[in-house]
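Q: Could we go through this structure together, a few points at a time?

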Protein chains: 2
Amino acid sequence: MSTQPRIVEVRRNILKHNDQVAAELRERFQKAGVFVASLVSSPGSGKTAFLEKTLTLLKEKGYRPAAVVGDLATANDAERLARSQAPVKQITTGTLCHLEAAMIQTAIEGWDISELDFLFIENVGNLVCPSSYDLGENIRLVLLSVTEGEDKPLKYPTIFNSADLAVITKIDLADAVEFDRDAARSNIQSVRPGMPMLELSSKTSQGMDAWMAFLASKRPR
Amino acid sequence: MSTQPRIVEVRRNILKHNDQVAAELRERFQKAGVFVASLVSSPGSGKTAFLEKTLTLLKEKGYRPAAVVGDLATANDAERLARSQAPVKQITTGTLCHLEAAMIQTAIEGWDISELDFLFIENVGNLVCPSSYDLGENIRLVLLSVTEGEDKPLKYPTIFNSADLAVITKIDLADAVEFDRDAARSNIQSVRPGMPMLELSSKTSQGMDAWMAFLASKRPR
């Protein structure tokens, strides 16, 4: 379409500005000694349930985690996550389908991040828009629930390709939905060869030990 | 952010152009006597399974349906839908998170749409981007699977608000995921008061009769 080149150019400038802010954030996070993980997925893949479980378990182990969560509307997720007793900030994006680094910068104002061990950033539920926006994180997790279909990595290759760790969620429902584990794993690997994968259930806690061990390896104490 | 006003302006021009193309399409569809329904939802809500079932049932009843399906990558959906024997075209959008009216115009080139009773347009799996793009359809369906969580209408109000019919899918899994039907229905209604709702399962066919009756009312024979 004739309108495409113009929007591509505007988008490129926004991305360039975002990358600068993200680089500043990354430097601040590193100096403060906080390990930062962001989460992307479809709406309803279980990001918030996974994060609530993660925050609660980390608090129990004596760690100091915090979270920033993005949504178009409502502060529901922040309210759910606040039950873990960890500091939580909600970003509402209105009609924007992704978070940007400047929003993270604003959200963490007033926090002494050197007092944190882990910061989690939950992006807006979307398998397209968040892929190009660096948020200064150390790793990006892409979540895929067993109920979504094994083909999603092939259909949304960019977001899977931009992630560092794939988390297959709601594994407790695998039998009920006839989840094809081999297909899902091989589709993830075909899009992002060598990407580590975890399978877990926030409901039954299956697989959470491996995730906790991964996090502990990033902040040994 | 300082970059927002510029992109908003570019987006407004694109939308204006899209609306013109959509209006032309709508007129063509009306003259040809084809009823057009578009489908939006999260990735993995079951749009393609629902559409495959719909096309197959319509063919069995002697109707002439066709479908256009959008995805970032792969022609998997078109291949699945082609099993119904209905004409199907795949649009691959690359990194674009929604379909636009001009893409539909191109996709249906070569089809004699006056030979069709129904045309279904399956949008890219996304609860944000497709909301502002008119595709010339008669009605827009928003799908919500029971596995996604009852809160999605509140978190993605714009797309629910732009739809004409809400379809709750994968109802066969309602018990397994402890789906709260009342909460889901009341969340849909709070965002879009009066919107008709259907509950169904493409797997067990539960609720498909009501959907077929709805379609038959649009194309009485």
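The conversation below turns to the core, a helix and some backbone angles.

A: This is a predicted model, in which local features need pLDDT of at least 70, side-chain atom pairs count only at pLDDT 80 or more, and totals for chains, interfaces and linings use all residues. Residues are numbered from 1 along each chain as its sequence is written, while chains are lettered from A and ligands numbered from 1 in the order in which they are written.

Q: How many residues has the largest nonpolar core?
A: The largest nonpolar core has 117 residues. Such a core is a set of buried Ala, Val, Leu, Ile, Met, Phe, Trp, Tyr and Cys residues joined through C-beta atoms within 7 Å. A residue is buried if 20 or more other C-beta atoms lie within 10 Å of its own, exposed if 12 or fewer, and partly exposed in between, with C-beta atoms placed from the backbone.

Q: Which residues have the most contacts inside it?
A: They are A67(A) and A67(B). Beyond its neighbours within four places in sequence, A67(A) is in contact (C-beta atoms, placed from the backbone, within 7 Å) with residues including L51(A), L55(A) and F120(A).

Q: Which residues are buried in helix 2 of chain A?
A: Among them are L51(A), L55(A) and L58(A). Helices (H or I, at least four residues) and strands (E, at least two) are DSSP runs, numbered from the N terminus. After helix 2 of chain A comes G62(A), with a positive phi near 90°.

Q: Where is S205(A) found?
A: S205(A) is in the loop between strand 7 (197-199) and helix 8 (208-218) of chain A. S205(A) is not a glycine, yet its phi is positive, about 75°.

Q: Why does S205(A) count as partly exposed?
A: Because S205(A) has 13 C-beta neighbours inside 10 Å.

Terms used
Contact = placed C-beta atoms within 7 Å.
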